[in-house]
Amino acid sequence: MRQLWKWALGLSVAIIVLVIAALIALPAVVDTPRVQALIANGASQALGRPVTFASVSVKVLPRPAVQLHQMQVAEDPTFGTVPFLKLDTGEVRLRLQPLLKGHLEFGTVVLTKPTITVIQDAAGRWNIATLGGSGEPKAAAPRQRAGGGGGSATGAGAILGSSVKIQDGVVTYMARSAGGVASNYRLEHVDLTLTGSPSLLAIKADARVKPGDLSLSLADGSVAISPGKTLLELPVRGQLTIEAKDIKDLVATAAGPSPVIGGGIKGKLALAGAVGSPRASGDVELSNLSVTEVNAQCPEPKRRTLTLPSVKLNASWEDGTLLGKPLTTGLGNGTVTGTLVASVEHGVHVELRDLAVKALPLEKILVDFLCQGYAVSGPLDLTGTTSLSPRDIWNTLSGSGQLRIGPGKVVGSRALELIGGVTRVGSAVSRLLSADVPQSLFSAPLDFDSIAGSYRITSGVVTTRDLVYTSRLMKVAVAGQYTLASGRMNLDMVVNHGRGEIQAKVTGTAASPSIQVVPASVLKNIDPGKVESGLKDLLKRFR
């Protein structure tokens with residue numbers, strides 16, 4: 001047993017001495033000019049782009065490696081002259097076992113803090129499309145001598161080694177339009193590992209999207225290498241996890257600074273498709289989704305926020321379009337369901353299909369958030385569709401549907417003034433014409449049983465033909481148009497109070513409406529001889 005221990009100890013010492021000797025001799029073994037040419041030529045062949053670096057040095061500890069200083073990968077000339085990839089120092093690690101035998105073989109390639117620029121032009125072309133050349137299969141490079149000590153390497157395959165690692169990299173994405181850069185995002189703290197064989201490349205990656213601090217994590221990723229296909233055509237698979245505490249900055253970059261949209265996000269998505277046109281699908285949840293806006297017509301505070309506690313959707317992404325089916329959320333005791341379609345190809349455009357709203361408390365939106373002068377309270381039921389651009393909601397809002405509100409109250413000050421104006425004018429007409437209009441009709445027009453009808457919105461202009469306000473004392477039918485951005489109105493109103501009706505034309509703006517009562521509507525069942533002088537006087541007053 002003692003002899004065995006001595007033998008084991010002697011063997012260990014011999015191995016250690018051999019390793020130390022190999023490490024000491026490493027700078028002499030490596031013919032740096034030849035290695036520099038070998039790595040540059042092999043990497044250029046593998047990437048289909050010129051690869052250059054200022055110098056090469058040998059590092060012994062903590063593991064043997066060839067260091068590449070001031071490394072650059074050239075850009076596709078179509079996209080400019082700024083390098084596609086730049087970094088101060090990269091390294092190609094050396095395999096220890098061949099090194100102990102006096103051979104030089106390359107292992108893992110480590111790129112620390114590289115900066116990479118990914119560009120998509122206005123025609124949809126990517127600067128990464130030409131990486132790897134044409135995608136045609138290349139003959140295997142012959143084994144080459146790599147050092148003065150008789151070592152060998154294996155061309156491009158040796159250059160790439162068994163894996164490529166990017167540590168703490170930065171990837172800048174730029175989408176160009178005809179007028180310049182349309183959008184600009186960065187992936188920071190990029191940690192990526194590529195391993196595999198000539199037919200399958202395994203990928204593991206983590207990164208954070210800036211602005212927005214959205215974390216991305218790719219697990220079980222792979223790219224299938226197929227002869228004759230370009231990089232963008234290669235099939236990709238994987239599991240993508242996304243998470244952020246607040247998406248405010250990310251949304252502001254895509255959709256503009258106002259309104260401010262924030263909230264947390266979590267999701268797990270299955271990745272498929274091709275490198276150049278990936279697809280992703282899975283469940284996504286937004287928590288405390290908030291919309292904040294400064295509204296001049298609100299009393300203090302002017303800055304108001306509407307918050308949805310949770311928004312859930314089964315999401316899929318393909319060809320620049322996000323599909324959420326179904327989307328579910330709620331506010332108070334109300335619920336909202338539908339299908340979300342959001343396109344980002346030419347500016348963000350959002351569409352809600354199969355929209356179904358049940359018992360949504362309108363006062364939280366119209367009163368507490370929007371401070372609408374024509375606000376009503378009560379539960380809203382609605383079915384329909386809607387679409388908009390977040391950068392200009394009120395001028396781009398479009399859609400159609402049917403709604404029912406109530407029971408509830410008219411609470412907006414301008415709505416009360418409008419109803420009061422119509423009824424006061426109607427009352428004046430009635431008195432001058434000796435019509436029998438009950439005064440109780442105008443004393444409490446606040447409570448209503450329902451507001452129901454259909455609508456159509458085209459570029460921010462709302463049109464209705466059958467909106468009906470019903471209360472215990474009266475029924476009001478409304479038809480016409482209302483412009484959301486300017487508040488301009490062109491409405492026909494018919495107030496039925498049981499004993500008769502008042503017809504009125506409402507024009508002008510929501511802030512300053514013009515009311516014209518149709519005298520003929522009050523003349524029904526009235527002796528014309530009794531009211532001739534009163535009607536003439538009334539018309540003078542309302543011209």
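Student: What share of the 543 residues of the chain counts as buried?

Tutor: In this predicted model, 42% of the 543 residues count as buried. A residue is placed in that class if its relative accessible area is under 20%.

Student: How many helices and strands does the secondary structure of the chain come to?

Tutor: The chain has nine helices and 29 strands. Among contacts between residues at least 6 apart in sequence, 50% join residues at least 24 apart.

Student: What makes Cys298 and Cys371 a disulfide?

Tutor: The sulfur atoms of Cys298 and Cys371 are 1.9 Å apart. The limit for a disulfide is 2.5 Å, and the pair therefore meets the criterion. The structure holds one disulfide.

Student: Why is the disulfide of Cys298 and Cys371 called right-handed?

Tutor: The torsion about its S-S bond is about 105 degrees, and for that reason the disulfide is right-handed.

Student: How do you know whether Cys298 is buried or exposed?

Tutor: Cys298 has a relative accessibility of 1%. Buried means under 20%, so Cys298 counts as buried.

Student: And what of Cys371, buried or exposed?

Tutor: The relative accessible area of Cys371 is 12%. Since the limit is 20%, Cys371 is buried. Its phi is near 55 degrees, a positive value in a residue other than glycine.

Student: Where are cis peptide bonds found, and what is omega in each?

Tutor: One joins Ser258 and Pro259, with omega about -5 degrees. Pro259 lies in the loop between α5 and β14 (260-273). Another runs from Glu300 to Pro301, with omega near 0 degrees. Pro301 is in the loop between β15 and β16.

Student: What makes β21 and β24 paired strands?

Tutor: Pairing requires at least two bridges. Strand β21 (residues 398-405) and strand β24 (residues 450-458) are joined over seven bridges, in the antiparallel sense.

Student: How do β24 and β25 pair, and what lies between them?

Tutor: β24 and strand β25 (residues 461-470) pair in the antiparallel sense over six bridges. Arg456 stands opposite Thr463 in β25. The two strands form a hairpin with two residues between them, and Ser459 in the turn has a positive phi of about 50 degrees.

Student: What makes the approach of Ser163 and Thr108 a polar contact?

Tutor: The side chains of Ser163 and Thr108 are joined at 3.0 Å, and the cut-off is 3.5 Å. Ser163, in strand β9 (residues 163-177), counts as buried at 7% relative accessibility. Leaving aside neighbours within four places in sequence, Ser163 is in contact with residues including Val109, Leu194 and Thr195.

Student: How do you know whether Leu380 is buried or exposed?

Tutor: Leu380, in strand β20, has a relative accessible area of 10%. The limit is 20%, so Leu380 is buried. Not counting residues up to four places away in sequence, Leu380 touches several residues, among them Val357, Leu360, Leu403 and Ile405. The C-alpha atoms of Leu380 and Gly406 are separated by 6.9 Å, although these residues are 26 apart along the chain.

Definitions and conventions:
Residues are numbered from 1 along each chain as its sequence is written. This is a predicted model: local features need pLDDT of at least 70, side-chain atom pairs count only at pLDDT 80 or more; totals for chains, interfaces and linings use all residues. Side-chain values use heavy atoms; hydrogens and water are left out. Buried means under 20% relative accessible area, exposed over 50%, partly exposed in between (1.4 Å probe, protein chains only). Helices (H or I, at least four residues) and strands (E, at least two) are DSSP runs, numbered from the N terminus. A polar contact is a pair of N or O atoms within 3.5 Å; within protein, one must be able to donate a hydrogen and the other to accept it, and residues adjacent in sequence count only if both atoms are side-chain atoms. Contact means heavy atoms within 4.5 Å.
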